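The tour below moves from one selection to the next and says what is to be found at each stop.

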Amino acid sequence: MGSKITVFGSFVVDLMARTPSLPIPGETVKGSVFKMGAGGKGFNQCVAAHKAGADVVMSTKLGRDSFADVALNTMTELNMPKDYIFIEDEASTGIALILVDENTAQNEIVIVSGACARINDEDIARVAPRIQESEYVLMQLEVNQDANEKVARLAKDAGVKVIINTAPYQEVSDEFLNGSYLVTPNEVEAELMTGVHVDDLESASKAAEVFRSKGVENVLITLGGNGAFVSSAGREEIIPAYHVRAVDTTGAGDAFNGGLLAALSEGKTLWEAAAFANALAALSVQKMGTTPSMPTREEVDTFIRTNKSDF
(Lines give C-alpha, C1' and ligand atoms only; values in the text may rest on other atoms or scores of the structure.)
Protein backbone atom coordinates (compact mmCIF):
# COMPACT_ATOMS: atom_id res chain seq x y z
CA MET A 1 0.00 0.00 0.00
CA GLY A 2 1.36 3.39 -0.99
CA SER A 3 0.73 6.96 0.11
CA LYS A 4 -2.69 8.28 1.13
CA ILE A 5 -4.98 9.35 -1.69
CA THR A 6 -8.48 10.83 -1.85
CA VAL A 7 -11.22 10.65 -4.47
CA PHE A 8 -13.53 13.65 -4.24
CA GLY A 9 -16.54 13.22 -6.49
CA SER A 10 -19.84 11.68 -7.37
CA PHE A 11 -21.95 8.74 -6.36
CA VAL A 12 -25.02 7.70 -8.34
CA VAL A 13 -27.04 4.52 -8.44
CA ASP A 14 -26.65 2.86 -11.83
CA LEU A 15 -29.93 1.64 -13.30
CA MET A 16 -28.73 -0.43 -16.26
CA ALA A 17 -30.77 -2.16 -18.97
CA ARG A 18 -29.34 -4.26 -21.79
CA THR A 19 -31.19 -4.28 -25.07
CA PRO A 20 -30.66 -5.70 -28.61
CA SER A 21 -30.56 -2.12 -29.97
CA LEU A 22 -30.57 1.38 -28.51
CA PRO A 23 -33.95 3.11 -29.00
CA ILE A 24 -34.30 6.03 -31.38
CA PRO A 25 -36.41 9.00 -30.17
CA GLY A 26 -40.03 7.94 -29.70
CA GLU A 27 -39.22 4.23 -29.89
CA THR A 28 -39.77 1.68 -27.13
CA VAL A 29 -37.56 -1.39 -27.20
CA LYS A 30 -37.71 -4.53 -25.09
CA GLY A 31 -34.69 -5.02 -22.87
CA SER A 32 -33.19 -8.35 -21.88
CA VAL A 33 -31.45 -7.60 -18.53
CA PHE A 34 -31.87 -5.00 -15.77
CA LYS A 35 -29.36 -4.38 -13.00
CA MET A 36 -29.12 -1.82 -10.24
CA GLY A 37 -25.81 -1.06 -8.59
CA ALA A 38 -23.36 1.46 -7.17
CA GLY A 39 -21.90 3.92 -9.67
CA GLY A 40 -20.92 7.50 -10.37
CA LYS A 41 -17.55 8.48 -11.76
CA GLY A 42 -16.02 9.32 -8.40
CA PHE A 43 -17.31 6.20 -6.70
CA ASN A 44 -16.29 3.91 -9.58
CA GLN A 45 -12.79 5.39 -9.60
CA CYS A 46 -12.46 5.02 -5.85
CA VAL A 47 -13.60 1.37 -5.94
CA ALA A 48 -11.09 0.67 -8.74
CA ALA A 49 -8.26 2.21 -6.70
CA HIS A 50 -9.39 0.49 -3.47
CA LYS A 51 -9.60 -2.96 -5.09
CA ALA A 52 -6.17 -2.34 -6.62
CA GLY A 53 -4.80 -2.04 -3.07
CA ALA A 54 -4.61 1.72 -2.55
CA ASP A 55 -4.99 3.61 0.75
CA VAL A 56 -7.91 5.60 -0.63
CA VAL A 57 -11.00 7.29 0.79
CA MET A 58 -14.13 8.44 -1.00
CA SER A 59 -15.76 11.79 -0.34
CA THR A 60 -19.24 12.34 -1.76
CA LYS A 61 -22.80 13.24 -0.75
CA LEU A 62 -25.89 11.03 -0.63
CA GLY A 63 -29.59 11.69 -0.12
CA ARG A 64 -31.54 10.40 2.86
CA ASP A 65 -33.20 7.59 0.89
CA SER A 66 -32.96 3.91 0.03
CA PHE A 67 -30.60 4.58 -2.88
CA ALA A 68 -28.02 5.84 -0.35
CA ASP A 69 -27.94 2.29 1.04
CA VAL A 70 -26.60 1.07 -2.31
CA ALA A 71 -23.46 3.14 -1.68
CA LEU A 72 -23.15 2.34 2.01
CA ASN A 73 -23.76 -1.40 1.59
CA THR A 74 -21.20 -1.59 -1.24
CA MET A 75 -18.64 0.21 0.90
CA THR A 76 -19.32 -2.18 3.78
CA GLU A 77 -18.92 -5.21 1.48
CA LEU A 78 -15.61 -3.89 0.12
CA ASN A 79 -14.38 -2.70 3.53
CA MET A 80 -14.07 0.92 2.36
CA PRO A 81 -13.93 3.78 4.93
CA LYS A 82 -17.11 5.90 5.15
CA ASP A 83 -15.74 8.84 7.18
CA TYR A 84 -16.24 11.41 4.40
CA ILE A 85 -19.67 10.42 3.09
CA PHE A 86 -22.08 13.32 3.67
CA ILE A 87 -25.89 13.31 3.76
CA GLU A 88 -28.17 15.85 2.06
CA ASP A 89 -31.76 16.33 3.30
CA GLU A 90 -33.02 18.42 0.39
CA ALA A 91 -32.08 16.22 -2.59
CA SER A 92 -32.20 12.54 -3.46
CA THR A 93 -29.19 10.31 -4.08
CA GLY A 94 -27.94 10.66 -7.66
CA ILE A 95 -28.93 8.19 -10.38
CA ALA A 96 -27.70 7.17 -13.83
CA LEU A 97 -30.00 5.60 -16.42
CA ILE A 98 -27.79 3.40 -18.60
CA LEU A 99 -28.80 1.65 -21.81
CA VAL A 100 -26.33 -0.89 -23.21
CA ASP A 101 -26.56 -2.37 -26.71
CA GLU A 102 -25.81 -6.05 -26.12
CA ASN A 103 -24.54 -6.50 -29.69
CA THR A 104 -22.06 -3.60 -29.87
CA ALA A 105 -21.46 -2.88 -26.13
CA GLN A 106 -22.16 0.81 -26.89
CA ASN A 107 -24.08 2.75 -24.26
CA GLU A 108 -26.28 5.80 -23.71
CA ILE A 109 -26.36 7.38 -20.25
CA VAL A 110 -28.50 10.01 -18.51
CA ILE A 111 -27.19 11.28 -15.15
CA VAL A 112 -29.16 13.10 -12.45
CA SER A 113 -26.52 14.15 -9.92
CA GLY A 114 -28.92 14.80 -7.03
CA ALA A 115 -27.24 15.12 -3.62
CA CYS A 116 -23.69 14.99 -4.92
CA ALA A 117 -24.32 18.26 -6.76
CA ARG A 118 -24.95 19.95 -3.39
CA ILE A 119 -21.59 19.59 -1.63
CA ASN A 120 -21.14 22.64 0.60
CA ASP A 121 -18.43 24.43 2.59
CA GLU A 122 -19.23 22.45 5.74
CA ASP A 123 -18.65 19.15 3.88
CA ILE A 124 -15.38 20.43 2.42
CA ALA A 125 -14.19 21.55 5.87
CA ARG A 126 -14.80 18.02 7.16
CA VAL A 127 -12.80 16.32 4.39
CA ALA A 128 -10.08 19.01 4.30
CA PRO A 129 -7.68 17.32 6.80
CA ARG A 130 -7.70 14.08 4.79
CA ILE A 131 -7.11 15.92 1.51
CA GLN A 132 -4.24 17.90 3.03
CA GLU A 133 -2.47 14.70 4.14
CA SER A 134 -2.98 12.96 0.79
CA GLU A 135 -0.31 12.77 -1.90
CA TYR A 136 -2.94 12.87 -4.66
CA VAL A 137 -6.57 13.95 -4.92
CA LEU A 138 -8.61 12.81 -7.92
CA MET A 139 -11.74 14.67 -9.00
CA GLN A 140 -14.18 14.67 -11.90
CA LEU A 141 -16.81 17.12 -13.20
CA GLU A 142 -19.91 15.28 -11.91
CA VAL A 143 -20.40 17.26 -8.66
CA ASN A 144 -21.12 20.98 -8.23
CA GLN A 145 -18.17 22.82 -9.75
CA ASP A 146 -17.86 25.40 -6.95
CA ALA A 147 -17.04 22.52 -4.58
CA ASN A 148 -14.49 21.13 -7.04
CA GLU A 149 -12.81 24.53 -7.30
CA LYS A 150 -12.59 24.94 -3.52
CA VAL A 151 -11.15 21.43 -3.07
CA ALA A 152 -8.64 21.96 -5.89
CA ARG A 153 -7.48 25.23 -4.29
CA LEU A 154 -7.28 23.63 -0.84
CA ALA A 155 -5.22 20.72 -2.22
CA LYS A 156 -2.85 22.87 -4.28
CA ASP A 157 -2.24 25.19 -1.32
CA ALA A 158 -1.25 22.11 0.73
CA GLY A 159 1.12 20.83 -1.97
CA VAL A 160 -1.18 17.91 -2.87
CA LYS A 161 -1.06 16.73 -6.50
CA VAL A 162 -4.44 17.38 -8.13
CA ILE A 163 -5.64 15.03 -10.88
CA ILE A 164 -8.67 16.20 -12.86
CA ASN A 165 -10.62 13.66 -14.89
CA THR A 166 -12.48 16.07 -17.19
CA ALA A 167 -15.66 13.99 -17.43
CA PRO A 168 -18.48 14.45 -18.01
CA TYR A 169 -17.43 17.42 -20.12
CA GLN A 170 -18.34 20.90 -19.00
CA GLU A 171 -16.59 24.21 -19.40
CA VAL A 172 -14.15 24.93 -16.58
CA SER A 173 -12.02 27.95 -15.83
CA ASP A 174 -8.31 28.09 -16.61
CA GLU A 175 -7.84 28.95 -12.95
CA PHE A 176 -9.30 25.55 -11.99
CA LEU A 177 -6.84 23.76 -14.30
CA ASN A 178 -3.85 25.95 -13.40
CA GLY A 179 -1.43 24.23 -11.03
CA SER A 180 -2.94 20.76 -11.56
CA TYR A 181 -0.53 17.82 -11.59
CA LEU A 182 -2.48 15.99 -14.32
CA VAL A 183 -5.58 16.10 -16.51
CA THR A 184 -7.04 12.88 -17.95
CA PRO A 185 -9.58 13.70 -20.70
CA ASN A 186 -10.65 11.23 -23.36
CA GLU A 187 -10.18 12.31 -26.98
CA VAL A 188 -13.64 13.92 -27.21
CA GLU A 189 -13.18 15.94 -23.99
CA ALA A 190 -9.67 16.92 -25.07
CA GLU A 191 -11.03 18.34 -28.33
CA LEU A 192 -13.83 20.23 -26.56
CA MET A 193 -11.34 21.74 -24.11
CA THR A 194 -8.53 22.59 -26.52
CA GLY A 195 -10.11 22.89 -29.99
CA VAL A 196 -7.71 20.22 -31.29
CA HIS A 197 -9.18 17.10 -32.91
CA VAL A 198 -7.22 14.26 -31.29
CA ASP A 199 -6.70 11.10 -33.34
CA ASP A 200 -2.94 10.42 -33.32
CA LEU A 201 0.31 11.23 -31.51
CA GLU A 202 0.82 14.54 -33.29
CA SER A 203 -2.67 15.92 -32.59
CA ALA A 204 -2.57 14.66 -29.00
CA SER A 205 0.72 16.51 -28.58
CA LYS A 206 -0.89 19.73 -29.83
CA ALA A 207 -3.79 19.31 -27.39
CA ALA A 208 -1.28 18.71 -24.58
CA GLU A 209 0.41 22.02 -25.46
CA VAL A 210 -2.90 23.85 -24.98
CA PHE A 211 -3.40 22.21 -21.57
CA ARG A 212 0.14 23.18 -20.61
CA SER A 213 -0.56 26.78 -21.58
CA LYS A 214 -3.37 26.67 -18.99
CA GLY A 215 -0.89 25.68 -16.28
CA VAL A 216 -1.33 21.88 -16.26
CA GLU A 217 1.89 20.00 -15.48
CA ASN A 218 1.19 16.63 -17.18
CA VAL A 219 -1.39 15.48 -19.73
CA LEU A 220 -2.87 12.03 -20.29
CA ILE A 221 -5.48 11.55 -23.04
CA THR A 222 -7.29 8.22 -23.14
CA LEU A 223 -7.85 6.96 -26.68
CA GLY A 224 -10.22 4.03 -26.10
CA GLY A 225 -8.99 0.88 -27.82
CA ASN A 226 -5.90 2.72 -29.05
CA GLY A 227 -4.46 3.16 -25.56
CA ALA A 228 -3.41 6.27 -23.70
CA PHE A 229 -1.32 9.26 -24.77
CA VAL A 230 1.01 10.50 -22.04
CA SER A 231 2.87 13.80 -22.09
CA SER A 232 5.23 14.28 -19.16
CA ALA A 233 8.67 15.83 -18.59
CA GLY A 234 9.33 16.36 -22.29
CA ARG A 235 8.42 12.80 -23.31
CA GLU A 236 5.29 12.05 -25.35
CA GLU A 237 4.10 8.60 -26.31
CA ILE A 238 0.99 6.48 -26.79
CA ILE A 239 0.90 3.47 -24.48
CA PRO A 240 -1.00 0.76 -26.38
CA ALA A 241 -4.17 -0.77 -24.97
CA TYR A 242 -4.62 -4.48 -24.40
CA HIS A 243 -6.93 -6.05 -26.97
CA VAL A 244 -9.76 -7.91 -25.28
CA ARG A 245 -13.36 -8.76 -26.10
CA ALA A 246 -15.53 -6.06 -24.48
CA VAL A 247 -18.79 -7.14 -22.88
CA ASP A 248 -19.69 -3.75 -21.36
CA THR A 249 -17.60 -0.60 -21.80
CA THR A 250 -19.53 1.33 -19.09
CA GLY A 251 -17.04 2.52 -16.48
CA ALA A 252 -13.92 1.71 -18.50
CA GLY A 253 -12.64 5.29 -18.15
CA ASP A 254 -13.32 5.16 -14.42
CA ALA A 255 -11.44 1.86 -14.14
CA PHE A 256 -8.51 3.49 -15.93
CA ASN A 257 -8.47 6.57 -13.68
CA GLY A 258 -8.78 4.54 -10.49
CA GLY A 259 -5.98 2.22 -11.59
CA LEU A 260 -3.82 5.17 -12.55
CA LEU A 261 -4.33 6.78 -9.14
CA ALA A 262 -3.53 3.55 -7.28
CA ALA A 263 -0.33 3.02 -9.26
CA LEU A 264 0.83 6.62 -8.80
CA SER A 265 0.28 6.31 -5.04
CA GLU A 266 2.74 3.41 -5.05
CA GLY A 267 5.44 5.60 -6.57
CA LYS A 268 5.11 4.34 -10.14
CA THR A 269 5.99 6.82 -12.90
CA LEU A 270 3.17 8.25 -14.98
CA TRP A 271 4.20 5.88 -17.78
CA GLU A 272 4.14 2.79 -15.56
CA ALA A 273 0.90 3.94 -13.96
CA ALA A 274 -0.78 4.36 -17.37
CA ALA A 275 0.28 0.86 -18.41
CA PHE A 276 -1.13 -0.53 -15.14
CA ALA A 277 -4.36 1.44 -15.71
CA ASN A 278 -4.66 0.03 -19.24
CA ALA A 279 -4.57 -3.49 -17.79
CA LEU A 280 -7.15 -2.68 -15.11
CA ALA A 281 -9.49 -1.13 -17.70
CA ALA A 282 -9.06 -4.11 -20.05
CA LEU A 283 -10.21 -6.43 -17.29
CA SER A 284 -13.16 -4.21 -16.35
CA VAL A 285 -14.74 -4.20 -19.84
CA GLN A 286 -14.86 -8.01 -19.83
CA LYS A 287 -17.51 -7.96 -17.07
CA MET A 288 -20.97 -6.40 -16.77
CA GLY A 289 -21.60 -3.28 -14.74
CA THR A 290 -19.36 -0.59 -13.25
CA THR A 291 -18.25 -1.17 -9.65
CA PRO A 292 -18.80 -4.97 -9.87
CA SER A 293 -16.51 -5.09 -12.92
CA MET A 294 -13.51 -3.54 -11.15
CA PRO A 295 -10.81 -6.22 -10.81
CA THR A 296 -8.78 -7.12 -7.71
CA ARG A 297 -5.07 -6.37 -7.51
CA GLU A 298 -4.30 -10.06 -7.89
CA GLU A 299 -6.33 -10.20 -11.14
CA VAL A 300 -4.51 -7.15 -12.54
CA ASP A 301 -1.05 -8.49 -11.66
CA THR A 302 -1.88 -11.88 -13.19
CA PHE A 303 -3.26 -10.22 -16.34
CA ILE A 304 -0.10 -8.10 -16.76
CA ARG A 305 2.13 -11.16 -16.30
CA THR A 306 0.23 -13.20 -18.88
CA ASN A 307 -0.22 -10.37 -21.42
CA LYS A 308 3.22 -8.90 -21.73
CA SER A 309 3.35 -5.22 -22.67
CA ASP A 310 6.35 -3.12 -23.70
CA PHE A 311 5.75 -0.83 -20.70
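Begin by selecting S203, which sits in helix α7; helices here are DSSP runs of H or I with at least four residues, strands are runs of E with at least two, and both are numbered from the N terminus. This is a predicted model, in which local features need pLDDT of at least 70 and side-chain atom pairs count only at pLDDT 80 or more, while totals for chains, interfaces and linings use all residues. Residues are numbered from 1 along each chain as its sequence is written, and side-chain values use heavy atoms, with hydrogens and water left out.

Is S203 buried or exposed? S203 counts as buried because its relative accessibility is 10%, where buried means under 20% relative accessible area, exposed over 50% and partly exposed in between, computed with a 1.4 Å probe on protein chains only. Show its surroundings, and not counting residues up to four places away in sequence, S203 touches V196, H197 and V198, a contact being heavy atoms within 4.5 Å.

After α7 comes G215, with a positive phi near 95°.

Next, colour the strands of the open sheet, which has nine of them in the order β5-β4-β1-β8-β9-β10-β11-β12-β13, with mixed pairing; two strands pair if DSSP finds at least two bridges between them. Its edge strands are β5 (85-88) and β13, each of which pairs on one side only. Within the sheet, β9 (residues 161-164) and β10 pair in the parallel sense over two bridges, and I164 stands opposite V183 of β10.

From there, move to β12 (residues 228-232) and β13 (residues 235-239), which pair in the antiparallel sense over five bridges, with V230 bridged to E237 in β13. Two residues lie between the strands of this hairpin, where A233 takes a positive phi near 50°. A233 is exposed, because its relative accessible area is 78%.

Two further backbone features deserve a stop. Most residues other than glycine have a negative phi, and most peptide bonds are trans. Select N79 in the loop between α2 and β5, where phi is near 60°, a positive value in a residue other than glycine; at 65% relative accessibility, N79 counts as exposed. Then go to P168 in the loop between β9 and α5 (174-177), where the peptide bond from A167 to P168 is cis, with omega near -10°.

Return to helix α2 (residues 66-77) and pick out V70, which is buried, with a relative accessible area of 14%. Leaving aside neighbours within four places in sequence, V70 is in contact with F11, V13, M36, G37 and A38. The C-alpha atoms of V70 and V13 are separated by 7.1 Å, although these residues are 57 apart along the chain.

For the last stop, display the largest pocket, which has a volume of about 1200 Å³. A pocket is an open set of points on a 1 Å grid over the protein atoms alone, where a 1.4 Å probe fits, with protein on both sides within 12 Å along at least five of seven lines, and lining residues have an atom within 4 Å of a point; grid points are joined across faces, edges and corners, and the volume is the space filled by probe spheres set on the points. The lining has 47 residues, of which N186, T249, G251, A252 and G253 lie nearest the centre of the pocket. Its largest share, five residues, comes from α8, a helix in which twelve of the 14 residues are buried. Finish with α1 (41-51), one of the elements that each supply at least two residues of the lining; nine of the eleven residues of α1 are buried, so this helix is largely enclosed by the rest of the structure.
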